Amino acid sequence: MSLGLAVVGIAPTPSMFAPASTPAFAIRELSFLVLAIVTGIFVVVAGLTVYAIIRYRRRPGDDGREPPQVYGSTQIELAWTVVPFLIVIVLFLTTARYIFAIERHPAPPDALEVTVVGNQWWWEIRYPGLGIVTANELHVPVSDAARPTPTFITLESADVIHSFWIPQLAGKMDVIPGQRNRTWVEPRTPGTYVGQCAEFCGVQHAGMLLTVTVHSPDDFARWVAAQQAVAADVPAVRAGRDMFTSVACISCHTVRGTPANGVFGPDLTHLMSRATLGAGVAANTPENLRAWVNDPAALKPGALMPAMKLSNDQLDTLVAYLATLR
Ligand SMILES: [Cu+2]
């Protein structure tokens, strides 16, 4: 899938047949039912076709005349109308049952609320109850059957239609401007799950990855505490911090604890806690970070962050500061 993910060692196998979350288990169950029914239909249709081809093939000594032709059979016509109709009814009713069960699933008291905003071409991730804003890498707690902690997600778009899809965790849900869609995940095993914008949204649609890291409760609490902290004020990199606020980075980026409060681009308060840059296009290494700030289009052509035309010295100063945003 993405170079960035391969670099940071995340196995890119987002198969819906390897579910790890309640709604995804339900979806696989339904898929198996549908697969069983269509396999049955395939075997009957293909079997009858093969039988007819062999049984009524041309044989030596055929006189070349057509066999007796049969016109109309109420029984056969009834069968091929009623049977498919019943199959469609069964598929429709079971699908509707699964959709309602997933969509109407009530949020338990310990559910986590997250808002994910689709942007060209990255994801903003907000935790309204926790005061955290981050990007592209969603972190959630694992859910225990005894004390469920699913994550309920409100989906918004800042521009065009995107689509939120983590195949191992839940079904696909469109992200539509001016509308709030809801989805939820309830991961049962810690790990990292890969998703991808699933609705074509412009040139960097393919560069709009989303990873979900599922933590044990303790790890999640630690992650939350680290993300809630404002950016540390490191005296050695004050020059870089001042540059950040003077060369227009702040008109698009927020760093909590500093005057930077732009919202057009990702929140950078804990930039270094992310494994990738630019929604999965590159691993978050010092070289890539420098290359990104120098000219984002070099890593992600079309990215909506301009090349800021900084000198090498300015870049060094600025990147040294960014590297302290842990
Ligand atoms: Cu997209």
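Me: Is strand β1 (residues 112-119) mostly covered or mostly open, and how many of its residues are buried?
Reply: Mostly covered: six of the eight residues in β1 are buried. Buried means 20 or more other C-beta atoms within 10 Å of the residue's own, exposed means 12 or fewer, partly exposed is in between, and C-beta atoms are placed from the backbone. Strands here are DSSP runs of E with at least two residues, helices are runs of H or I with at least four, and both are numbered from the N terminus.

Me: Before I go on, what kind of model is this?
Reply: It's a predicted model, where local features need pLDDT of at least 70, side-chain atom pairs count only at pLDDT 80 or more, and totals for chains, interfaces and linings use all residues. Residue numbers start from 1 along each chain as its sequence is written.

Me: OK, back to β1. How many bridges join it to β5?
Reply: Seven bridges link β1 with β5 (residues 151-157), and the two run parallel. For example, Val114 has Ile153 in β5 as its bridge partner. Strands count as paired if DSSP finds at least two bridges between them.

Me: And which way does β2 run against β1?
Reply: Antiparallel, with five bridges between β1 and β2 (residues 122-127). A hairpin connects them through two residues. Val117 is bridged to Glu124 in β2.

Me: What's the order of the strands in the sheet?
Reply: β3-β2-β1-β5-β8, five strands in an open sheet with mixed pairing. At the edges are β3 (132-135) and β8 (181-185), each pairing on one side only. The twist averages 25° from one strand to the next.

Me: What joins β2 to β3?
Reply: Four bridges, with the strands antiparallel. Ile125 partners Thr134 in β3.

Me: Switching to helices: at what angle do α5 and α8 cross?
Reply: Roughly 105°, with the axes of α5 (residues 238-246) and α8 (residues 312-322) coming within 7 Å. So α5 is roughly perpendicular to α8. That label covers 65 to 115 degrees; under 35 is roughly parallel, over 145 roughly antiparallel, and the rest oblique. Axes are lines fitted to C-alpha atoms, for helices over the stretch in contact, with angles from 0 to 180 degrees between N-to-C directions.

Me: Which residues meet there?
Reply: Among them, Met243 and Phe244 in α5, and Leu318 and Tyr321 in α8. Contact means C-beta atoms, placed from the backbone, within 7 Å.

Note on methods
Two residues are in contact if their C-beta atoms, placed from the backbone, lie within 7 Å.
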